[in-house]
Amino acid sequence: MEKIGFIVDSGSDVPKEFVDKFEIEVLPLNVAFKDGDYLDGVTIQPQEVFERMASEIPKTSLPSGELISQAFENLIEKGCTHIIAITISSNLSGTNNSVRLIAEDFPQVEFFLLDTKNIGIGSGLFMIAATKYFEMKNDFKMITKKLQDSVEKGHVFFHIPNLKYLIAGGRIGRVTGAVGTLLNIQPIITCDEEGIYTTIAKIRASKTNNEAKTIKKMVDLVKGVVPESQEFLLATCGGNPAARVTSAKLLEGLKDALPEFEEAYDVQLGSALAVHTGPELTGCAILPLYK
């Protein structure tokens with residue numbers, strides 16, 4: 001009998017209800033301020049990170065090898081014979097490679113590692129989909145096939161009002177040169193087929209109707225990648241309280257424009273991603289769901 005366990009990193013914004021229900025092992029990335037290191041979502045929460053970023057931009061680093069090993073051990077102790085691990089893009093973080101290497105220490109379980117080529121809720125939707133397939137009674141082989149088949153069809157879009165965080169973190173990717181600060185042109189970025197940040201659209205910010213313009217543009221982007229004849233999941237995310245208000249409105253806009261969605265979620269932007277994108281980020285994602 002198969003018993004499947006799940007591992008995900010904290011850079012994939014999986015809603016807490018899924019983490020709790022399916023006993024998902026979450027690997028916390030490290031958030032380093034001058035006064036010390038913190039575990040994302042464990043010893044520091046997003047809102048505290050956002051508040052502190054007003055005076056200091058921290059750095060992030062991979063989950064420790066010890067914590068990755070502990071996640072495997074926890075699942076094995078629960079009787080898991082198969083483990084599915086899902087991480088943010090390997091071109092944005094070394095987490096995927098670290099998990100792959102440490103998995104070699106646990107040959108007693110059958111293991112599958114997914115590089116989502118995505119980040120944030122864009123990556124988190126893959127874990128949500130994995131739990132859906134699990135509930136559909138799909139076996140390990142079928143779940144992993146559906147997940148792998150989804151990688152090229154999963155999309156995330158982030159509106160980033162301020163690029164200074166991407167620049168400071170060295171993760172500007174292919175966004176450089178795509179915007180003009182003097183013209184107050186703000187990017188909407190996505191992850192390309194290699195899982196690297198790239199600009200897909202631009203918004204000329206203004207004092208009025210900026211939120212409405214952002215929502216309309218992002219809804220249009222999602223409508224442009226809806227899988228044909230395929231059910232799908234939708235999600236939005238936001239950082240600070242103002243961005244959370246916008247993300248909730250964005251979700252309603254997506255649901256109105258795409259009423260055939262299977263399920264939709266609005267989640268809190270995690271600390272690790274916010275460090276590199278800023279607390280003002282609003283994002284959305286779509287992923288096909290194979291029945």
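User: Starting with Met53: buried or exposed?
Analyst: Buried, because its relative accessibility is 3%. The cut-offs: buried means under 20% relative accessible area, exposed means over 50%, and partly exposed is in between, with a 1.4 Å probe and protein chains only.

User: What kind of model is this?
Analyst: This is a predicted model: local features need pLDDT of at least 70, side-chain atom pairs count only at pLDDT 80 or more, and totals for chains, interfaces and linings use all residues. Residues are numbered from 1 along each chain as its sequence is written, and side-chain values use heavy atoms, with hydrogens and water left out.

User: Where does Met53 lie?
Analyst: In the loop between α2 (46-52) and β5. Helices (H or I, at least four residues) and strands (E, at least two) are DSSP runs, numbered from the N terminus.

User: Which residues is Met53 in contact with, leaving aside its neighbours within four places in sequence?
Analyst: Pro58, Tyr165, Ala274, Val275, Gly278 and Pro279. Contact means heavy atoms within 4.5 Å.

User: How many residues apart along the chain are Met53 and Gly278?
Analyst: They are 225 residues apart, with their C-alpha atoms separated by 8.2 Å.

User: OK, sheets. What is the strand order in the antiparallel one?
Analyst: Three strands form an open sheet, in the order β4-β3-β5. Two strands pair if DSSP finds at least two bridges between them. The edge strands β4 (36-39) and β5 (59-61) each pair on one side only. From one strand to the next, the twist averages 30°. Angles run from 0 to 180 degrees between N-to-C directions; axes are lines fitted to C-alpha atoms, for helices over the stretch in contact.

User: How many bridges join β3 to β4?
Analyst: Four, and the two strands run antiparallel. Asn30 stands opposite Leu39 in β4. A hairpin of two residues links β3 to β4.

User: And how many bridges join β3 to β5?
Analyst: Three bridges, again antiparallel, with β3 covering residues 30-33. Val31 faces Thr60 of β5 there.

User: What about the parallel sheet, which strands form it?
Analyst: Four strands, in the order β2-β1-β6-β7, and this sheet is open too. β2 (25-27) and β7 (110-115) have a single partner strand each, so one side of each lacks a neighbour in the sheet. Neighbouring strands are turned by 20° against each other on average, direction ignored.

User: Over how many bridges do β1 and β6 pair?
Analyst: Five, in the parallel sense, and β6 spans residues 82-87. Val8 has Ile86 as its bridge partner in β6.

User: Which strands does α3 touch when it packs on the sheet?
Analyst: β1, β2, β6 and β7. Helix α3 takes in residues 65-77, and its direction makes about 175° with that of β2. Helix α4 (residues 95-103) also packs on the sheet, touching β1, β2, β6 and β7. The direction of α4 makes about 170° with that of β7.

User: At what angle do α3 and α4 pack?
Analyst: About 55°, with axes 10 Å apart. That makes α3 oblique to α4. Under 35 degrees counts as roughly parallel, over 145 as roughly antiparallel, 65 to 115 as roughly perpendicular, and the rest as oblique. The α3 and α4 crossing is right-handed. A crossing is right-handed if the near helix is turned clockwise from the far one by less than a right angle, and left-handed if anticlockwise.

User: Which residues of α3 and α4 meet?
Analyst: Gly65, Ile68, Ser69 and Phe72 in α3 meet Ser98, Val99, Ile102 and Ala103 in α4.

User: Back to loops. Where does Ser10 lie?
Analyst: Between β1 (4-9) and α1 (16-21), in the loop. Ser10 counts as buried because its relative accessibility is 11%. A polar contact of 2.7 Å links its side chain to that of Asp40. A polar contact is a pair of N or O atoms within 3.5 Å; within protein, one must be able to donate a hydrogen and the other to accept it, and residues adjacent in sequence count only if both atoms are side-chain atoms.

User: Last one: at what angle do α8 and α9 pack?
Analyst: About 45°, for α8 (residues 210-223) and α9 (residues 241-257). The two helices are therefore oblique to each other.
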